[in-house]
Structure formats: structure tokens, C-alpha cells
Amino acid sequence: ERHLRTLTDGRNVDLNTPYGADAYLTQPNCPPFSKTLKAVKKMAKKKINGEVKKQLYENINMFGALFANASESIVEQTAYEELAAWISFIQWVLEIRTKYNRAGTWRDEDFDERIFVNIGCTFRYYTFVEIIYEQKLLHTMAEFMSAQPRLPCDGIAESYCSSFTNLIACLQNHHEDSWDVEKIQKLFMKMESCGALVHYLKCSTCPPTWDHNMVNMSRVNILKSLQQCTDLLRKRFCIGTPCGDMLEKILQGKEGYSRNKHAQIQSTLRNIYEIATSISDGIGKRNEVKDICRYCNKTGDDFKSCGRCKTAFYCSRECQTKDWKVHKKSCTPMDKSMSKAKKTGNALVLSFLQKHARDVVSAMRTKMEETGLERKDLVLELNFQVEDGNIGALPPSLQDPPFFKIGITKRYYEGDRLEEPSFLACDKGTAHYEKNIDGFLANIRGMHDKMTNGHFLICVMYQTNPSVLKMDYNSLVRMAMEGKVYFAIVSLIIVIIAIGIKKLIH
């Protein structure tokens, strides 16, 4: 489709080409398109008639072609007020379409799709992104999607998803080397708070309308990035939240969701759900586990933690003072993001133990019989770190069957460290390894020296930081017994039902 325009110098250009788009924006005395858009708005105030609709279509198509083809450097030179006027206009059109969709009148899916295609084009420019945040366009997009039927048409769903593909690519290019999980988590938090993220999940289940493999893989990459944002999953993806409930509907195929059977999209959505529910389950179990004093092994509730590292718990200031000589070797200051990661990691540990306590108890007993060692000399090794090059997969300790290992604590830090965890050993020789290994060894040695048979150590890898936890063994046994009781109750119910059916038959 060609969009011919005559420039102020008499040249005719096609806005649907990079040359034409750049020439239009850089022409001498370029007419401010904010005036044109303002005039259309004024017409629409009276009544949305055929002429107004025609003007809406023409302007959406014209400026959509312009910003789909203009180079980034030229867009950055365009007056801020003009760019803001375009975002304001497209937001206003979207609000009109939301109103008509809710009323069930003026259905025009092709026009709605065109609007989102144009929004996606503007998301390619960082200058526009700043304006989009200011004018809260994401909120307007979410409101439009809420006015749709349960599932929008495939074209609207595809252009909606593509908008966020462009947005993430734009931010990634702008931040370059500083683009990390924390920044992408902030973006997803912003999307979730305005309601846009739940609609992205919904639209990702609609089949693409073109180049199926490329479109599906772009969705997979975004979902894999979301999977890494465990703090967001912990807060906003548990059951009872919009995103958590939507994910459950998708995975259960309710209400027509999940028509897109792409294997990687389905598996990544399932992984997100598994991680979110595991974290949520672990947080729910936190109050059932006692705190343990690092120095004297006393157990209790609400012990104070070390104010510097937030990981060592003490029953009294006296115990903390006595332990400082040993603890200072592994005490590392913890910032806010590290503290959040620690909470999430601990929640994953508790969720794992809740599900697999019987297997862990059995493995510990077997190890004690094989080695003749006591329980205090053993360590449970868990890995919640996704391997490099395998982003989107579940962490080893959340897979089915899950990874866990019962190791011998002294072999972690003595001699050649024969049982050093594989997730540490794979980084040997790197700066990251050298930075972490001394603190890790000092921590596990210091905790092991104070162990009793009423406790056991857990070595955990989460978000590239290894940590060592001490847990009450009775709590683990209690979790294992809960699993046995549940199994016995289910078995009893099955037997009762079978007897009842047998009596009915006779």
C-alpha cells in the first residue's frame, strides 16, 4: 500500500518507504501534523459519522506508515510536541474503540489490528517509549483488551504481542550492556500493574497469522525472560492474582484458551506456573519452620538476623557476639535485590522439602548406612540455578524427577574438595568463582563445626549465589509424615469408594 505525499519543495514521496518517511520528517517548513490530528479530534467531538471514520482510517494509516519506516535518528530530531501529539491521538482513538467495543457497536477488527500495528511501530523508538510511559498508553491498551471478548481475534492478539516484542528490543538496545534481569523485571512489573501483562499471557496462546515460527519464538523469548523474574512471580503470579489465575486457565485449556499448541510456549508457561506455585507454597510453609541459632543451635520463632548479611540467625546478642570471630569470614553485606533473592531462594527450598521430604529422609538414611557417618556430617545439595544456554528450562531441583544430592560436608571444604557442588566447580578459574568460594567455604566450615544430629545443612544455588542453610531435622521428618498421612487418607477414600461401588453392583 502506497502513501504518497507532496513535500513543501514539490517532491512526491511514498511514506511507506524509508526514504519517503525520512524526507517527510526533514522537509523544510514541515507542516506540524499535530494540527491535522487536532482537527480530526474536533470533528469527532460532534459525532462519529462516516466522514470522521474515514479521517481516522486515513490518519492511522498515514502516520503508521511514517513511523514504521522512518530512521531512529530522524525521529529523535523531530519536535517532542509533535511526537507526543501522535501518541495522544492514537491513545484517543484506542479509547474510542474501547467504548464502542464495550457497547457492542462499530466492530472493526481490521482497524483495531491496524492501531496495534502502529503502536508496535512507535515502540521501536526510545523517544516514543518515554512519551508512552508519561501518557500511560499501556493502561489504555490494557483497557481496550479488557473490552474484547475472552479471546481477541488472532490478528489483534498478534499485533498486541508484537508491540511488546518491539518495546523490549528497544529497551535492550538502549541499555545495551546494562540490560539485566532487574531492568526487565521492572518492565514486567509496570506491565502487570496496569493490566497489560495478563493480556500478553492470554494473547500468546492465539495462533500467529504469519511466519508462525518467527512470531512464536519471539513470544517464547519474552516468556523465558519473564520466567527469570522470580520476585515478580512470587508477588503477582500466585493463585488468586490476575496473572496466576490466567495462567491456570491457559494450562487447563479453559474458556477456549491455549489454541496455540506451540510446544515451547506451552512448556515455558508451565515452567512459569511451576516456579510461581513453588515459591508461593514455600512462603506459606515459612511459619512452620523454626529459626535456629547459628551459635548454640537453639530453635525458636522470630530470632534476630545479622544486620549485615541477613542470613545468620541468633537467639541472643550474646550468641551473636561469641560467633562473630567465625561468622565475619563469610559475612557479606546484602543489598535490597540480594535480600529479595534470598527470600525467594529460601521459599523454593521449603517448597522442595514439602514435596520431597520422604525422598530426602530416605536418601540421608542410606548415606549414613553406606558411610557410617552421623547426620550432622551430611549436607543436602539443591540447585535452583538455570544452566547457561538453557534459559527457559526449569532449574534442576524443580524438574521431574528433581535434582538433589546428599553429600559429605567435610569433602566440601577439606583437601581437594572432592564433593564440591557441580554448580560451583563449573565456574573454576573465573573471577566470579574466586569472589564466592572463600566466603562459601568459611560459611559451611563455621556452621559444620557447631552441628548436632538434630539438624542438617542445606547447600543451595540460586541466582549465581551459593548459600548454606541450617534446618531442624524434626521439621523435615514432620513434612515427610504429612505426606504419608495424606497418602493414607487418599488410599482410604479410594477403598471406601470401591466398597460402595461393589455394594451397589450387588
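Start with the open sheet: four strands in the order 8-7-9-10, with mixed pairing. Strands here are DSSP runs (E, at least two residues; helices are H or I, at least four), numbered from the N terminus, and two strands pair if DSSP finds at least two bridges between them. Strand 8 (405-408) and strand 10 (465-472) are at the edges; each has a single partner strand, so one side of each lacks a neighbour in the sheet. From one strand to the next the twist averages 30 degrees.

This is a predicted model, in which local features need pLDDT of at least 70 and side-chain atom pairs count only at pLDDT 80 or more, while totals for chains, interfaces and linings use all residues. Residues are numbered from 1 along each chain as its sequence is written, and side-chain values use heavy atoms, leaving out hydrogens and water.

Next, select residues 378-383 and 455-462: strands 7 and 9 pair in the parallel sense over five bridges. Leu 382 has Val 460 in strand 9 as its bridge partner.

Axes are lines fitted to C-alpha atoms, for helices over the stretch in contact (heavy atoms within 4.5 Å), and angles run from 0 to 180 degrees between N-to-C directions.

Now go to Cys 203, which is buried (under 20% relative accessible area, 1.4 Å probe, protein chains only) at 0%. Its sulfur is 5.0 Å from the closest cysteine sulfur, in Cys 161, too far for a bond. The whole structure has zero disulfides (cysteine sulfur pairs within 2.5 Å).

Terms used: Buried < 20%, exposed > 50% of the residue type's maximum accessible area, 1.4 Å probe, protein only.
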